[in-house]
Amino acid sequence: MRLDSNEVEELAKALYVRALKLLPPDVKRGFERLTRAETDATARTILGTMVENIAVAERTNNLLCQDTGIPIYNVTIGRNVAFDGVAMTQAIRRGCERATREHPLRSSVVHPITRRNEQTSCGIRIPIINVDFDDRDETVAIEMIPKGSGSENGSFLQMLIPADGAKAIKRFVIDRVIECGGRVCPPTIVGVGIGGTSDLCMHLAKIAATRPLGTTCSDPEGARIEAELSEAVNELGIGPQGLGGRATAFRVHVEVAATHITMNPVAVNIQCHSARRAAALITPGGVAFV
Amino acid sequence: MAHHVLDLPVSEAQVRALRIGDTATLEGTLFGIRDATLIAMFDGGRTTRFDLKGHAVVHTAPNVRKIEPQPGNACPYEPLCIGTTTSMRMERFTRPLMSRDGVRLVIGKGGMGPATLDAFRDLGGAYLAVVGGAAALETTWIEAIEDVDMDDLHPESLWKFRIKGFGPLLVTMDSHGGSLHADVNAAALARRDAILAKLGA
């Protein structure tokens with residue numbers, strides 16, 4: 001299969017708008033689960049408003065949240081795919097810019113020093129385009145994530161040392177969730193990266209924060225910490241919007257990587273309740289949203 | 001736990017009657033403001049042609065569509081999606097916004113800190129919480145964009161919205177030193193050690 005740049009451009013545009021309007025089914029089910037478990041009256045009202053908002057967005061064909069986020073595209077290229085990588089990344093960038101101008105969408109992207117907004121949702125190194133490979137035959141998967149800033153500002157890295165152990169990792173996560181309170185728009189998905197280098201650790205936290213609900217860390221030790229912390233954060237009483245209640249997080253997600261004998265890094269990256277993502281597969285048969 | 005319907009602008013007495021746990025619905029006019037607007041106003045010394053005295057500001061930057069000016073509405077924008085951003089980044093601007101421009105109510109999400117609470121007590125103000133991330137719903141409470149100032153900062157301009165039934169909002173910070181955000185934070189910190197012990201941490 002040869003990857004067609006025009007198809008990639010159209011898809012990059014469509015996925016941005018689709019991600020902003022339709023919440024994935026796993027997140028909708030997450031709301032049902034949290035609502036069933038919630039006992040606090042204010043928290044139940046707030047969860048009800050969030051669920052109503054999902055329906056209003058669908059009914060009025062509107063964006064779920066005004067924050068169009070930092071655009072992230074995760075491209076996974078399978079086997080027996082011929083592609084021009086430069087043309088592909090340029091096509092994604094054009095698609096992102098066209099979604100912004102043609103829908104139109106608020107451009108939430110500025111130069112980091114001048115703070116100038118080009119009104120395109122693009123800038124230096126933005127959109128973020130992550131390219132990876134897998135063994136699916138003649139398949140290209142593109143996932144689009146508009147990462148909202150309220151929760152992205154809830155990002156933390158600590159280069160702990162081996163003597164601190166896994167205890168310090170858990171303490172770090174709990175303390176950061178308390179520190180963030182309502183600012184990160186709970187109920188959240190708390191993404192935790194453990195291990196790697198500083199940059200990989202932060203990236204692991206982002207992978208964890210944007211992983212579908214219902215998935216589990218592939219490493220058994222990571223999965224164990226994931227389960228323990230998921231229970232613990234909902235005992236804090238922070239609740240939806242930080243106004244009290246059980247539903248502080250849908251789940252804590254952990255991703256791990258091997259690290260150095262002298263290192264014990266931990267990172268936190270939070271995803272707000274508007275856990276938006278949209279994905280599609282390109283195969284010889286055409287394009288399908290998944 | 002009273003419900004208040006507030007026609008903007010409001011008086012100091014109306015604002016001081018608000019208590020945490022009360023709810024409120026806003027009617028009339030609402031101004032949209034955020035990071036770049038406030039930085040320009042208070043670090044850059046810019047002023048607005050809008051009269052904000054007794055008014056409410058919402059922490060936002062909207063999604064809008066450019067349109068031809070309509071009869072009876074000279075503003076060249078229509079609202080597409082308007083929602084509320086995290087307030088805490090704007091903490092240092094609450095006092096000057098109240099003392100210089102006369103703002104009485106701040107609408108936001110996530111709450112604000114001690115400097116804002118002090119300003120509310122000294123000058124007569126309150127914070128009303130929107131459910132963040134519920135922007136499609138919030139947009140249905142906005143009838144039109146009436147006007148815009150400082151639009152060189154677009155989308156972080158100073159927006160004038162005409163609203164109808166904007167709410168219900170929850171009063172989470174009042175002029176009597178009450179803050180639900182501080183209460184929830186204190187309760188979480190009180191539970192921290194027991195939770196860490198259970199985790200063996």
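A: Here is the sheet, with its setting first.

This is a predicted model, in which local features need pLDDT of at least 70 and side-chain atom pairs count only at pLDDT 80 or more, while totals for chains, interfaces and linings use all residues. Residues are numbered from 1 along each chain as its sequence is written, and chains are lettered from A and ligands numbered from 1 in the order in which they are written. The model scores ipTM 0.96 and pTM 0.97.

Now the sheet. In chain A, 4 strands form an open sheet, ordered E4-E7-E5-E6, with mixed pairing. Helices (H or I, at least four residues) and strands (E, at least two) are DSSP runs, numbered from the N terminus. Two strands pair if DSSP finds at least two bridges between them. The edges of the sheet are strand E4 (155–160) and strand E6 (249–257) of chain A, each pairing on one side only. On average, neighbouring strands are turned by 15° against each other, direction ignored.

Look at one pair. Strand E5 (residues 188–195) and strand E7 (residues 264–271) of chain A run antiparallel, joined by 6 bridges. Ile194(A) has Val266(A) in E7(A) as its bridge partner.

Then the helix. Helix H6 (residues 165–180) of chain A lies across E4, E5, E6 and E7 of chain A. Its run is at about 30° to E7(A). Axes are lines fitted to C-alpha atoms, for helices over the stretch in contact (C-beta atoms, placed from the backbone, within 7 Å), and angles run from 0 to 180 degrees between N-to-C directions.

Terms used: Contact = placed C-beta atoms within 7 Å.
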